[in-house]
Amino acid sequence: MNTASGSARWRTVIGLVFAIFTMATPAPATWIELHDFNGWWADDMQIGAVPKIKEVVGKKMKLSDVAFAPSGDWVLLFGGNGCWTSNVGLPACQKIIGLQSGAHTFKCVAFTPGGGWVLLYDQNGYAFENIPPEAQKALERVAAAGGTLKWMAFTPNGGWCLLHGKNGYEARGVGEECFQKIKETAAQGSTLETVSFAPAGGWTLFFDKGGFFAGGIPKAAFNRLVEVQKTGAPRFIAFASAAAQFDPKATYVLEMKPARYIHATLSTGIALPNGQVDEWFLYAPEAPNLPGQREMKTTFEPAAQVVRDESPLKRPFMLARVTDRRKEVQTMLTIDGTLYSRQLRSLPQGQSAPEVKDLSPEQVQHFTRVSPTSDIETPTFREWMRNNGLTRAAGESDLVFAHRVFAFIKHHNTYQWPTENHTATQVCTTGQSDCGGLSALFTGVMRANGIPARLLGGRWASSQKPGNKTGDYGNWHVKAEFFARGVGWVPVDGSSALADPNGENTFFGNDRGDHVAFMLDEDAVVNSFITGPQKVPLLQGIIYWWRGKGNGKDTRFDELWTVQQEKL
C-alpha cells in the first residue's frame, strides 16, 4: 500500500528558466493549460469548455482565463471582454454580463471552495462575493493606492493569493513551499504573472515570459508545461475543483444496505513462564452497534461480566477474572452481527432527505476533543495546518471541507507498517503512518476545525491467514468517521485510499461493510486492579493485567482471528 514520492529539479533551454516540481502521488485532476497568445491544451478533450476554446482560437482572439466553480461549472474569458460559461446564472457571470456593455478588459475570474468569487478587470477594477475578509482588504488597499490588480486565485483549503503590479503579492494559507517561491521570485525582480492551485494542494506560479515553479500538481500537467516551455511561454493552468463532486446546492444522503452477516472469533493464548499468577484480569471490548454494524452480539470466555469504562462514552467491556493461579490462560471472543455498506449519494432535485438528528452538545464536545492520537493543540500540528491551508473556509460545508482534507492527506502521505508514528502531530511531521495514524491525522484536522470525528478500531471481516502469529499481520484495521450535519456519520478509510489512484473518492463516503469495529474511539478508562484506573488504547483485541509474583519475561501471546460470513 506504499505510494511513491520524490522531487526533481528541471532546467529548460529557454532563457535558463527554472521550474521545480515536488509531489507525493498528486491526485488526478482535470486541467486546462494556456500559453502564448491563444495556445492551449486540456488533459481531457471532453471538458465542457473545450469547444468554446476552439471557437475562440478559430477567431484568432486571445485566451485570457479559464476557471472552474465548485459546482463544476466553468467560465472562459477571452478577447478583452468576451465570456463563455456553462452557467449564466452564476453570480460572477451575472456581474460579467453587466460589465460587458462598457469598454472593460477582463483579466481573471476565480472561485473560492465555498462558492464565493472575484473578478478583476481594467487596471484595478474588481467585484466579489463571499471571499475571505483579508482578501477583500488586500484588493481594497491596492486599488486605493492606484496600483494594478493583476491576478487572484484561491486554494481548495480556503487560502488565497493576490498578484499586483510588477511583483507585488499578498497571500494567506497557500502552503510554505508556494509562499517561499513567490517571495524569492519577487525578490529577484521577476514579473509575477499568474498563480493557480490544484485540488489536492498543488500549486503553480508563472513569472516573466514562460518561467514557472510548481509543486504537487499531476505529473502529466507538469510535463506539459515543460514541453510548452521548449518552444513557447506557458502562462497559466486551471484545475477543476475536487469539491465539484459535492454540489453546494444538492442534498446528500448515506445509502445503507446489509452487506454480510458475520460470525467471528478471536482466540487468544497467554503464557507467563516466569510468573506466579494469583489472578488474571482480562478485558475484551463489546462490539458496538454503529451505522455500519448492527444487531451485534459479543460473548467472552472465560465467563465474564459486562462493565462500563469510566470515560464519558461509558463503553461496555467484558471482564473475566481468573483466580485458579494458572500460568497460561486461553480466551475466546465471539462476535456475531450484520455489517452494512454505506454510500454517499445526492438526491434528485426536489427530493427531501430523511431527517438526521444532530449530535448533542456533549457528543460534539467529546468528538472534537484533544486525545492521545488527536494531539491537535501542539504548535507543530497547528503550524502544519496553517501552512497547508487546512482550515475551514467561511460557508464551506462539512462534506466539501472533509473531502479536500481527505484528498490532501491521501496525496501527501505514504503507508508505513510497522510504524512509530501514531499521533496527528507525528504523522503530519513525517508524512508516514499506518491505518491508525492516517485516520488519526484525518480526525485531528476535523476536530481542530470543529467537526466531530472518531476512530473505529477493529479488524477486517476476513480470516487471518493460517500460520500468522502475533507480530505478523492479524487483519487489524482502523477506519474513521466524521459527522456531517443533515447527513450523519460519514465513513472514510485513509490507508486504503493510498493504494487507489482515485482513492480520495473511492474511500470517502463509501464503505463496503467489510470491517468489524471492536471499539468506538479511544480514551477508554478501565480498572486495572493493580494500579487503579488506566487509559487503554484503541483496542483490536483483548487487554489484561495479572496479580502475583515473578515477572513477565518471555511472555507468550498468540491470537487467531477467524471469520465466517454470509453475503446478503
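This is a predicted model: local features need pLDDT of at least 70, side-chain atom pairs count only at pLDDT 80 or more; totals for chains, interfaces and linings use all residues.
How many bridges join strand β15 to β16, and in which direction do the two strands run? Five is the count to keep in mind: 5 bridges join β15, residues 203-207, to β16, and the strands run antiparallel.

Residues are numbered from 1 along each chain as its sequence is written, and side-chain values use heavy atoms, with hydrogens and water left out.

Strands here are DSSP runs of E of at least two residues, and helices are runs of H or I of at least four, numbered from the N terminus; two strands pair if DSSP finds at least two bridges between them. On that basis, β14, β15 and β16 form, in that order, an open antiparallel sheet of 3 strands. Its edge strands, β14 (192-197) and β16 (211-215), each pair on one side only. From one strand to the next, the twist averages 10°.

Two helices pack on this sheet, with contact meaning heavy atoms within 4.5 Å. Angles run from 0 to 180 degrees between N-to-C directions, with axes fitted to C-alpha atoms, for helices over the stretch in contact. Helix α4, residues 176-187, touches β14, β15 and β16, and its direction makes about 5° with that of β15. Helix α5, residues 219-229, touches β15 and β16, at about 170° to the direction of β16.

Finally, the whole protein has 12 helices and 34 strands.
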